[in-house]
Amino acid sequence: MRRLGPLLLSLLLALPGAPRAQEVPVLRVGVREDAKPFSYRLPSGPASDWDGPLHRQGYSGYVVRLCDGTLVDVQRRHRFTVEAVPITARTRFDALKAGGIDILCDPATITRTRLTDHLASPPVYLSGVTYARRVGEGGTGLKVGVVGNTTSQYDGIEAILRAGEWPQYREDLKKQLYDLQHRSTAPCGSGDGCGDTGGIVLFDTHRDLAQAFCRGELSYYVGDFEIVKAMLDDIGGCTWEDARETYTDERYAIFVSDAPERGALKLDFLQALSSKILLSPSLLDEAFEATFPGAKASRKLRIFFWTMRGER
């Protein structure tokens, strides 16, 4: 509860009788351009299937729908505008901590460090790290591509190794993971060089990673299952096989800055989102059915939805 201090102070200042600024507040929401199907930029502008402040600025995806549904609800009670701020996996939490964004609307896995540094919603999705393999990969060498500053980079690759995959490269990959944790490496596509440690290649975005994989520059593409599949399905002529299993459980949440600025809006956003998640009908079901039309949720995901909102 101690982390709510600055926000509670801001909320008190927003009570009737407190001094108010005349300008309309701007809530800055960080969105990913490359994390399809959860948070991504539409190639041809907004569609007509829903109306929300992030969608009107050209973004879509499961997590974007959750944010938009909640922001529309909060706008019924408060006067403010929403600015979509493009972020990457590498910049997202720095932007949240520095105040560059107020809300992070992307598939961000819940970790102890992230919960310590930021406020968070209840879990909104359950995914898992997997890998795609190039069809015809002969095993004569290993290049594993992964987006930097994600849980796939460390926990995901370690979980894959614990499961017994890539045994001939196990010791080399473990050494490279150690090196990555103890030195700074610029991801490929960041404009600062390329994060190639030998077997593990870091990328700034899933778009850069998927394109390199489909060009044959990588043996494996490691990432959360839905993102890997969506990114590769978008590239015509790319032949690949998935691992047919996930090696981790990744619980996503929507993270919020605990800075006092716009504190009343952020607290109302978290409260409204929690209600929409936990009550039935749940916003989780609405977002899933719109993002994955006709798809059947996995057994794990069905259990997750049930634990969050009970029976439908």
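At what angle do helix α6 and helix α7 pack, and how far apart are their axes? That was my opening item for this notebook, and I kept in mind that the model is predicted.

**Entry 1: α6 and α7**

I looked up α6 at residues 152-162 and α7 at residues 170-182, and found them packed at an angle of about 165°, with their axes 11 Å apart. An angle over 145 degrees counts as roughly antiparallel, so α6 is roughly antiparallel to α7. I also checked the hand of the crossing, and it is left-handed.

Next I wanted the residues that touch. From α6 I noted Q153, Y154, I157, E158, L161 and R162. On the α7 side I wrote down R170, L173, K174, L177, L180 and Q181. Sorting this contact by class gave me six nonpolar, two polar and four charged residues.

**Entry 2: more on α6**

Which residues of α6 are buried? My list reads S152, Q153, G156, I157, A159, I160 and L161. I then asked what these buried residues pack against, and α7 is one of several partners. The others are the strands β9 (129-134), β10 (144-147), β12 (200-203) and β13 (220-224).

I stepped past the end of the helix too. G164 follows α6, and its phi is positive, near 95°.

**Entry 3: α11 and α12**

I moved on to another helix pair. The axes of α11 (residues 283-291) and α12 (residues 299-309) come within 10 Å, and I read a crossing of roughly 150°. These two helices are therefore roughly antiparallel to each other.

In this contact, α11 brings L284, D285 and F288. They meet L301, F304, F305, M308 and R309 of α12. By class I got six nonpolar residues, two charged ones and no polar ones.

**Entry 4: salt bridges**

How many salt bridges does the count come to? I got 20, and I followed up a few of them.

I started with R32 and D34, whose side chains meet in a salt bridge at 3.0 Å, N to O. Are these two buried or exposed? R32 is buried, with a relative accessible area of 2%, and D34 is buried as well, at 3%.

Then I took E33, which forms a salt bridge with R41, with the closest N and O atoms 3.2 Å apart. Here E33 is partly exposed, with a relative accessible area of 27%. R41 counts as partly exposed too, at 36% relative accessibility.

My last pair was D234 with K36, a salt bridge of 3.0 Å, N to O. I checked where the partners sit, and they link distant parts of the chain, 198 residues apart. D234 lies in the loop between α9 (225-233) and β14 (240-242). K36 lies in the loop between β2 (34-35) and β3 (39-41). At 25% relative accessibility, K36 counts as partly exposed.

**Entry 5: a loop serine**

Where is S121 found? I located S121 in the loop between β7 (119-120) and β8 (125-127). Although S121 is in a loop, I noted that this serine is buried, with a relative accessible area of 8%. Leaving out residues up to four places away in sequence, I listed what S121 touches: A253, I254, L270 and L273.

Key: Residues numbered from 1 in each chain as written. Predicted model: local features only at pLDDT ≥ 70, side-chain atom pairs only at ≥ 80, totals over all residues. Heavy atoms only, no water. Axes fitted to C-alpha atoms, helices over the stretch in contact; angles between N-to-C directions. Helix = DSSP H or I, 4+ residues; strand = E, 2+ residues; numbered from the N terminus. Parallel < 35°, antiparallel > 145°, perpendicular 65-115°, else oblique. Left-handed = near helix turned anticlockwise from the far one by under 90°. Contact = heavy atoms within 4.5 Å. Nonpolar A, V, L, I, M, F, W, Y, C, P; charged D, E, K, R; others polar. Salt bridge = Lys/Arg side-chain N within 4 Å of Asp/Glu carboxyl O. Buried < 20%, exposed > 50% of the residue type's maximum accessible area, 1.4 Å probe, protein only.
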